Amino acid sequence: MGKILFGAGVLTGIFAAGHGLQGQDVPLAADFPEVYRVGGFDAPEWAEFSTSPRVSFDGAGRLYALDRSAGHVVVIDPSGSLVRIVGGPGEGPGEFNQPQAFVVWPDGRLAVSDIGHNAYQVFGPDGEFERFVRMSSGSDLFSGMSNIRSDLRPDPAGPAVVARGLPSQLDALTGLFGELTGAEAADEEGVDDRGLERLDLGGEEVVAETILEAWRPAVDDDEDETEELSMSDLADPASMFGMMMGGVRWFEPDLLWDLLPDGGIAYSDSSAYGIKLADRAGRVMRNVTRPLAPKPVTRRIQSAMREHELRNLEEGGGGGLFGDLGAAEAEGVPPGFLDQMKEAAREEIENREFFEEIPVLSALRATWDGTLWIQRRGDEPWDASGPIDVMRADGEYVGTFAAGATEIPAAFGPDGLVAFIELDELDIPSIVVRRLPAAVR
């Protein structure tokens, strides 16, 4: 399709209801000028990232990068220069022992979830350590696992984060490991990965409040049966795989979500093209849609999906759990264990059930200003990297980036700043900061 130009008034008139012209895409150019980049093969020591960092912006346009391998947070100014390094590996206050995720508030305060300390560590805008907030009242590693989250957003209203719950199968596995170490069970159960919570970091210990629980796909009674887990399951690859996969079906709709600038929530929880916009309390206020329907899962699609994943398992390099197993090296793995895991994976691929539809959407993010970037699935059943729609929160459709034209940024910042993570031929990561045009911010 050639480039189509519309005046702003015409766009508003055509797409005021949140739809494209009979579902057709209006193309957008992914021409984002580079502001700076850090990292890569010849980077200064502070920007040597051995693994892809987690990134976030503050209100002044400073970029924060959590380097989990190095055990610190790097703060970078809007020109790409180092401002400071926060934390470092260690056991004391302000030092990190297995940092997993972090959030940055607009004023530059940040909180890092630290598994080794069983706490969130909170830092002031100057990078100075302020306090620990315990994940639970226990002192061991596993007693606070129910409050560990890797998918966090800073609540703009105060010292709290909004978080998605743990997958139920991971929670069960964590509980089993906790039994091995003699850890106390959590007093309260939180939401699973179909729900969102607000975690208050204002006191000495995390206080969790459920915000919303999303629609949950129905399953047959026989598919919903769960087996009692035992210690022997940890040594059996088939049992381990069963625990990790937890009966999840191919194409079962995920909960896609992000936080809006006012603390509201944008989320999608079904196979349809529908984004629910909720207030801070989780009450749905409106829906954003486009007339694009999910595809039914046919027997041909089922066969193609199984063949693709089996090939991914055997050859590796295709990403995901099965591709990672296929590419895994046996160094440090007990003899024969990797082969057993692969055999268990083959069985899982050949026997896994399917959801009846392929969801239209695969990813959702909100910009600093509250515009939605919504990624659709690609042409192949296994392809999650399809076109990216840009929609206003009021339902106005702006346009679409063609598949492969851009990725959804790893972080959105003020004044159109965005951060992407790029890997070179040696898989060494760099952070590339670009600036979006006003139309898609």
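Here are some friendly notes on this predicted model, point by point.

1. **The whole chain.** Start with the overall picture: the protein chain has six helices and 26 strands. It is made of 441 residues, and 47% of them count as buried. Now look at the contacts between residues with a separation of 6 or more: 56% of these join residues 24 or more positions apart.

2. **Two helices side by side.** Find helix H4 (residues 299-315) and helix H6 (residues 337-351) in the structure; their axes lie 9 Å apart, and the packing angle is about 170 degrees. Because angles over 145 degrees count as roughly antiparallel, H4 is described as roughly antiparallel to H6.

3. **Who touches whom.** Which residues of H4 meet H6? On the H4 side they are Arg 306, Glu 309, Leu 310, Leu 313 and Glu 314. Their partners in H6 are Lys 342, Ala 345, Arg 346, Ile 349, Glu 350 and Asn 351. Sorted by class, this contact of H4 with H6 is made of six charged, four nonpolar and one polar residues.

4. **Checking the length of H6.** Here is a sum you can follow yourself. H6 has 15 residues, and at 1.5 Å a residue it should span 21 Å.

5. Which residues of H6 are buried? They are Leu 338, Met 341, Lys 342, Ala 344, Ala 345, Glu 348 and Ile 349. Looking down the axis of H6, you would find these buried residues within an arc of 160 degrees, so they line one face of the helix. On the face of H6 turned away from the buried side sit the exposed residues Asp 339 and Asn 351.

6. Most residues other than glycine have a negative phi. Gln 98 is not a glycine, yet its phi is positive, at about 70 degrees. You will find Gln 98 in the loop between strand S5 (82-86) and strand S6 (99-104). Its relative accessible area is 42%, so Gln 98 is partly exposed.

7. **A positive phi at Phe 251.** Phe 251 also is not a glycine and has a positive phi of about 70 degrees. Where does Phe 251 lie? Its place is the loop between helix H3 (237-245) and strand S14 (256-259). Phe 251 counts as buried because its relative accessibility is 8%, and the cut-off for buried is under 20%.

Conventions: Residues are numbered from 1 along each chain as its sequence is written. This is a predicted model: local features need pLDDT of at least 70, side-chain atom pairs count only at pLDDT 80 or more; totals for chains, interfaces and linings use all residues. Side-chain values use heavy atoms; hydrogens and water are left out. Axes are lines fitted to C-alpha atoms, for helices over the stretch in contact, and angles run from 0 to 180 degrees between N-to-C directions. Helices (H or I, at least four residues) and strands (E, at least two) are DSSP runs, numbered from the N terminus. Angles under 35 degrees count as roughly parallel, over 145 as roughly antiparallel, 65 to 115 as roughly perpendicular and the rest as oblique. Contact means heavy atoms within 4.5 Å. Ala, Val, Leu, Ile, Met, Phe, Trp, Tyr, Cys and Pro count as nonpolar, Asp, Glu, Lys and Arg as charged, and the others, Gly among them, as polar. The expected span of a helix is 1.5 Å times one less than its number of residues. Buried means under 20% relative accessible area, exposed over 50%, partly exposed in between (1.4 Å probe, protein chains only). The arc is that of the directions from the helix axis to the C-beta atoms.
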